[in-house]
Amino acid sequence: MVRATPEYLAARTSMMSLRAQALEQSMMASQTYYSTPQQPVQPVAANRANAKDLKPEAFTKPYLEFMTENPTVFHAVGYFKEKLEKAGYKELHSRDSWSGKIQPGGKYYTTRNGSSVIAWAVGKAYKPGNGLAMVAGHIDALTARLKPISKKPTHDGYVQLGIAQYAGALNSTWWDRDLSIGGRVIVKDPETGKTSSKLVKLDWPIARIPTLAPHFGIGMTGHNNQETEMTPIIGLDNSDLDAPSTTSSEKPIGGKGSFASTQPPKLVKLIASELKIEDYSSILNWELELYDSQPAQVGGIDKEFIFAGRIDDKLCSWAAFMALLHARDDEDSGVIKLVALFDDEEIGSLLRQGARGNFLPITIERTVEALVANTNTLYQNAFIGGTGLGPGLMGQTYANSFLVSSDVTHAAHPNFTQTNLTDHSPRLNVGVALCVDASAHMTTDSVSMAILDRVAELSGCVNQRHMIRNDSRSGGTVGPMLSSAMGVKAADVGIPQLSMHSIRATTGSLDPGLGIKFYKGFLDEWEKVDSEWRA
């Protein structure tokens with residue numbers, strides 16, 4: 001087992017300049033994910049490689065691109081779907097029957113609400129009752145969403161936008177940021193009458209929440225009113241200075257009573273232009289949000305940092321997803337390798353696309369059902385031999401499974417050292433942290449820690465430890481709710497970051513790749529490690 005000893009950390013730190021040079025070279029040269037030069041770039045062709053051979057620095061640039069190009073949860077799911085299709089995964093729609101569509105050796109994915117996605121690969125040697133190696137996380141992030149009626153009266157020539165905070169957004173870090181707008185728009189085709197969802201994002205800042213100059217004596221880092229004092233400005237309209245005092249007879253955009261008529265006209269026109277919509281009344285609704293438009297980028301003397309918005313949690317989720325695409329495709333693999341990425345974690349996971357819903361359990365059960373049905377003998381003798389789908393088989397499946405709950409965790413802070421717990425505050429660019437909480441806000445226990453330390457040993461990874469001080473408050477993850485719902489063994493794992501829940505946060509430039517290295521190692525080695533615990 002590899003541990004982050006002081007000697008190891010000192011040696012690793014001394015290599016940072018060399019790592020930075022390797023990072024620059026990898027970002028300028030053609031992308032190579034593994035140590036062996038002959039390995040192809042495409043994940044589909046690289047599924048024979050071991051986690052030990054993975055080069056973490058090669059994933060820095062792809063992660064930066066993902067973060068910049070996919071600011072909302074809907075864009076993230078769209079990105080994952082595109083990558084899955086290119087990697088040979090087949091989409092299964094929840095409204096359709098899955099019977100006859102799932103086979104050992106097959107790769108599949110399904111989505112819910114356009115904001116959660118589950119992807120899985122069935123081992124070629126799978127048999128009913130075998131388990132799953134699962135990684136679960138969330139892809140939602142703190143944000144500010146447009147209100148259902150976002151049009152507001154103009155004040156002193158400023159066009160403003162009605163917004164509402166999602167989770168803990170609109171905190172003091174949102175002042176004076178360059179904000180853009182993105183999300184999904186519900187559109188009805190006027191010719192066919194069909195309704196669809198379209199993604200949109202504006203690639204330049206159009207909104208800003210301005211601070212008040214300090215001369216006025218009102219602090220900007222205290223408890224400001226989020227309803228009245230944090231309303232963004234999106235434009236100017238001084239037409240009232242020259243307009244007659246009579247009420248305007250101008251017709252509302254989109255027609256009276258339309259959704260478009262309840263939104264700022266210029267914004268409606270802008271969104272419609274981006275989506276090439278001519279009839280404003282065809283916009284039935286939208287879910288748009290503000291996001292920090294500054295690109296994700298590397299920083300630091302040796303470019304050892306990543307500065308980006310929405311790191312919590314488009315970091316662990318992206319790493320887990322990429323690990324699945326790079327997972328080995330062994331002929332003798334008998335397990336299902338699965339990654340589930342949920343929406344709504346930051347607000348309690350209570351909606352159907354959240355981890356407290358039935359999305360993951362029902363996906364697993366439908367998969368096992370389809371696999372059993374494809375085995376004619378088992379299906380025909382379901383009630384004779386006791387091997388058909390039911391509590392027995394699902395109980396066996398869950399008992400043979402393991403869940404890695406993946407969410408970012410707090411890195412040791414250099415300026416607030418009183419919040420660090422000695423030997424339990426992880427560092428950047430070292431490896432993932434196994435997260436422990438004595439009050440069971442995390443799922444990690446002695447058994448799951450031993451299992452994942454063995455995974456790290458087989459994969460060439462370093463597992464750090466994270467635990468909060470007794471005088472601090474622990475956060476939560478999707479781990480406890482999923483583990484208890486299915487009864488599976490589990491552990492909580494996080495990639496360290498600074499400035500959690502800030503509009504802009506920091507992680508290590510190697511950390512996305514180190515996360516992929518660990519999650520790939522888990523997906524590839526879980527079956528072997530599990531066999532070591534059997535009598």
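**Helices and cavities**

Author: H12 and H14 are roughly perpendicular to each other, because their angle falls in the 65 to 115 degree class. Under 35 degrees counts as roughly parallel, over 145 as roughly antiparallel, and the rest as oblique. This is a predicted model: local features need pLDDT of at least 70, side-chain atom pairs count only at pLDDT 80 or more, and totals for chains, interfaces and linings use all residues. Residues are numbered from 1 along each chain as its sequence is written, and side-chain values use heavy atoms, leaving out hydrogens and water.

Reader: At what angle do H12 and H14 pack?

Author: About 110 degrees, with the axes 8 Å apart. Axes are lines fitted to C-alpha atoms, for helices over the stretch in contact; angles run from 0 to 180 degrees between N-to-C directions. H12 covers residues 446-459 and H14 covers 511-531. Helices (H or I, at least four residues) and strands (E, at least two) are DSSP runs, numbered from the N terminus.

Reader: Which residues of H12 and H14 meet?

Author: Contact means heavy atoms within 4.5 Å. On the H12 side, look for Ile451, Leu452 and Val455, among others. In H14, the partners include Phe518, Phe522 and Trp526. By class, this contact has 8 nonpolar, 2 polar and 4 charged residues. Ala, Val, Leu, Ile, Met, Phe, Trp, Tyr, Cys and Pro count as nonpolar; Asp, Glu, Lys and Arg as charged; the others, Gly among them, as polar.

Reader: Which residues of H13 are buried?

Author: Buried means under 20% relative accessible area (1.4 Å probe, protein chains only). In H13 (residues 479-486) they are Gly479, Met481, Leu482, Ser483 and Met486. They pack against several elements, including strand S4 (132-138) and helix H8 (359-373). After H13 comes Gly487, with a positive phi near 75 degrees.

Reader: How many cavities of 30 Å³ or more does the structure hold?

Author: Rolling a probe the size of a water molecule over the atoms shows where empty space is left. A cavity is a set of points, on a 1 Å grid over the protein atoms alone, where a 1.4 Å probe fits but cannot get out; lining residues have an atom within 4 Å of a point. Here there are 5. Volume is the space filled by probe spheres set on the points, which are joined across faces, edges and corners. Of its 28 lining residues, Ala141, Leu142, Gly309, Arg310 and Asp312 are the closest to the centre.

Note on methods: 1 Å grid on protein atoms, 1.4 Å probe; cavity = no way out; pocket = protein on both sides within 12 Å on 5 of 7 lines; lining within 4 Å. Buried < 20%, exposed > 50% of the residue type's maximum accessible area, 1.4 Å probe, protein only.
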